[in-house]
Amino acid sequence: MSLHDQDDPALRKAQEERLRAVWEAPKGLFFRWTDVNNNRVGNWYVVTAFGFMLFAGVLALIMRTQLAVPDNDLVSANTFNQLFTLHGSTMMFLFAVPMFEAVSIILLPQLLAARDLPFPRLSAFGYWSFLIGGVFVSGSIFFNAAPDGGWFMYPPLTTRTDLSGLGADIWMLGLSFIEVSSVAAAVELIVGVLKCRPPGMRLNLMPLYAWYILVVAVMILFAFPPLIAGDILFELERLLNWPFFDAERGGDPLLWQHLFWIFGHPEVYIVFLPSIALFAMLVPTFAQRHLLGYPWIVLAAVGTAFLSFGLWVHHMFATGLPNISLAFFSAASEAVAIPTAVQIFVLIGTLWAGRVVWSTPLLYAVGSLAIFVIGGLTGVMVAIAPFDWQAHDTYFIVAHLHYVLIGGTLLPLFGGLYYYWPLVTGKKLSDRMGRTAFWIMFAGANLTFFPMHLSGMFGMPRRVFTYPAELGIGGLNLMSTVGAYAFALGVLIVCIDLFRSPWRQKAGRNPWNAGTLEWLVTPENENWGVRSVPLIESRYPIWDQPDFVKKVDEGRFFLPDAEEGRRESIITTVLDSRPIAVIRLGTPSVLPMLTAIALGSVFILTTYHLYMAALVGAVATLGFVVAWLWTGTGEIPEKPEKPIGHGITLPLYISGSSSPGWWAMFITMMADATAFSGLVFGYFFYWTIHPEFPPSGPGLNGPGLFWPMVALGLAAAGWAATIGAREVNARGGTGAARLLLAIGIVASMAGIAAGLAGPWTSDLVPEQHVYPAIVWTLAIWTSAHSGVAAIMQSYTLARSVTGRLTPTYDAELRNISVYMHFMLLTAAVTYLTIGLFPVLA
């Protein structure tokens, strides 16, 4: 279709009607629940995360009421422990990260002028996993079964079942399920940014929000999996009595702290960087100019992410680590202030150089930066080890953390809410109510947390449910409680403002006069996004490209029609965003919801030790996943290609490293490899702390060389068979490819038995000592991956036999080849470690 062809108004109207018909949600409540349009899924995500934030706020108010006066008895010590544990866990796991992912799921398709992100069903699965896990964890407090060990759950108090109740299992398994949701969202966002940009949007033209989300999503891949590894060890100790954190049997509680804080400190920047991303979008709008220092702020974001992974011992200065470690991590903790400052000064410089239009969103942005800077300054203080020894586990740390999180997460989200509400609903929120709420929250936050610096210096420890009057800090605590209620009043005003929004008049299109692509959306908020996918030549195309909005609305760019009645978007190259294919997106389906319910049942039933029922849930999960993949991916199109406009024709099917599915598999396996590295880290951690590892004695002998090497050989055979099948199939040898896949299935299945035979035949007793426990864990992890490999090979073989995989349409075979590369690496590390190290080292 040429540009000239689109000049016909009747043609353009017909095209628009087809687009609307394709992207309109099916009617009926059930179908709306099962919709997989990222715009709607993101809305559900935001509402749910906001609800969890309000729930956590109520818990905080109860705690502050308890601490308002000395020797108060409003709640018991046990209830208070549940309150602060659930408050911290909810804010960090159920609000901060899910909220940023939810906002990104809404904004990214608009910012990238894409019809949707590449895996809308994956987003729907992530939402249902988040909802089920969140309700499970949060609801526990109503049954007096909430976790009570702090949001960090330090062993051994939490791993010993005689010292902690069911709450520890609820926390661990429920939040592990939620972490699956976070990783799924990260995969969707990374592939969306890399592969769904509009033509012409090279990396150096990407909106800064997209850059930040790419950085943060990659951080999730490397931060969350170590915690998943720690969760596995934690639950194996609680459920099976394997002594990973029991010092009497060779374990060490410090391993949990390492694994937790490798996640925990990057987590702070995972929730802070999206706030800077919001500022990077609204500051240029209200300065009415391009953001200064685009390359510098991108480098600063990447630098912040990189340095954040070198700070985890920042939280462990009081654990007796060597002085050289303290010096290194102290320096790294102070160095992270440099890229953070670069980002803040870029925003200030843009405002200084522009013609500032003061508005409610900008007020929130400036105020939150002021609060965050105070938290950053106290962060530099606690980065100095001698000071940290004095302030550690006092209310000074509580004040520091909350200044960072309120200034770096909560207030920025309210600013983003006021800025993007017209984009989501077509209506502006009240400036008067928004400004009133801001000043009340700003004053309340400072009144709440600034006195905590003083009460902490006066010796008030964290996580105590009361304190004696003789300590002399009753007045400071009363001030903090009054401030907390003031902050809650500000939040209440925002909620009232949101509630009144439906009765307000339409705000008009792009009411802020912004220059970025998300404001192409009309006030009617069409769910299919832009009228046509534009060609991008600037970072602010609405400002810089002549008649840009008009050309988009008239369908004068790419893919202006839904000729075949399908949901479609354009796939482009990673670096220079050249269009290479048209992708057909998932349609409404109940399968993501059923998969989430089945997988959630595995975690929930395991919490109550209902292992057979959990096994049934695992089988159901596998069935739903296979049905999801069979019906929702790898469709052979009715024609090989289609025109997208301007004389350009693109294929409707793509496989290999250019396809979104290949990238999704690669990114998922990076997360999997990071979790595995956490388990391997545990093995070598134990080796460093024990003079004799492995120890000698009955039940402690290593697995030897024979079975580990057999298992490694079988893993290599399964890998070689799969790679051979891929190459033979590409050359038209369908029968030989099927034979090689069958051989690969046999090798993978045999690899399961060989991987477990080593520790089994050596009579390793995992309950006796940490060495057999960690060997068994590594062997089970690798054998489980061999089982997954066999399932993937069987699925691909079935696709080939049924004619759904051919030499031309071979995406599934190429995707599982990526898995097999990582599988072979996992097997090599595991079996060489347990078979050769440290025996032959």
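Tutor: R463 and D393 are joined by a salt bridge, with their closest N and O atoms 2.8 Å apart. A salt bridge here is a side-chain nitrogen of Lys or Arg within 4 Å of a carboxyl oxygen of Asp or Glu. R463 lies in the loop between α15 (431–457) and α16, and D393 in the loop between α13 (385–391) and α14 (395–425), so the pair ties together parts that are 70 residues apart in sequence. Helices are DSSP runs (H or I, at least four residues), numbered from the N terminus.

Before going on, the basis of these values: this is a predicted model, in which local features need pLDDT of at least 70 and side-chain atom pairs count only at pLDDT 80 or more, while totals for chains, interfaces and linings use all residues. Residues are numbered from 1 along each chain as its sequence is written, and side-chain values use heavy atoms, with hydrogens and water left out.

R463 counts as partly exposed because its relative accessibility is 28%, and D393 counts as partly exposed because its value is 31%. The classes are buried (under 20% relative accessible area), exposed (over 50%) and partly exposed in between, with a 1.4 Å probe and protein chains only. R463 also has a backbone feature: a positive phi of about 60°, although it is not a glycine. Most residues other than glycine have a negative phi, and most peptide bonds are trans. H609 likewise has a positive phi of about 60° without being a glycine. H609 sits in the loop between α19 (591–607) and α20 (611–632), and counts as partly exposed because its relative accessibility is 43%.

Helix α16, which covers residues 474–500, supplies three residues, the largest share, of a nonpolar surface patch. The patch is formed by L447, L478, M479 and V482, with about 310 Å² of accessible area together. Patches take residues with over 30% relative accessible area and no salt bridge; nonpolar side chains (Val, Leu, Ile, Met, Phe, Trp, Tyr) are joined within 5 Å, like charges within 9 Å. The areas come from the Shrake-Rupley method with a 1.4 Å probe, and for residues only the protein chains shown count as cover. M479 is in helix α16, and counts as partly exposed because its relative accessibility is 38%.

By the salt-bridge rule, the count comes to 22. One of them joins the side chains of D246 and R249, at 2.9 Å from N to O; D246 and R249 are buried. Another pairs R726 with E727, whose closest N and O atoms are 2.7 Å apart. R726 counts as buried because its relative accessibility is 18%, whereas E727, at 29%, is partly exposed. Salt bridges that share partners also join E564, E568, R584, E638, K639 and K642 into one network.

The bond from P155 to P156 is cis, with omega near 0°, and P156 is in the loop between α5 (120–139) and α6 (167–195). F693 and P694 are also joined by a cis bond, with omega about 10°; P694 is in the loop between α21 (660–689) and α22 (706–730).

Conventions
Helices (H or I, at least four residues) and strands (E, at least two) are DSSP runs, numbered from the N terminus.
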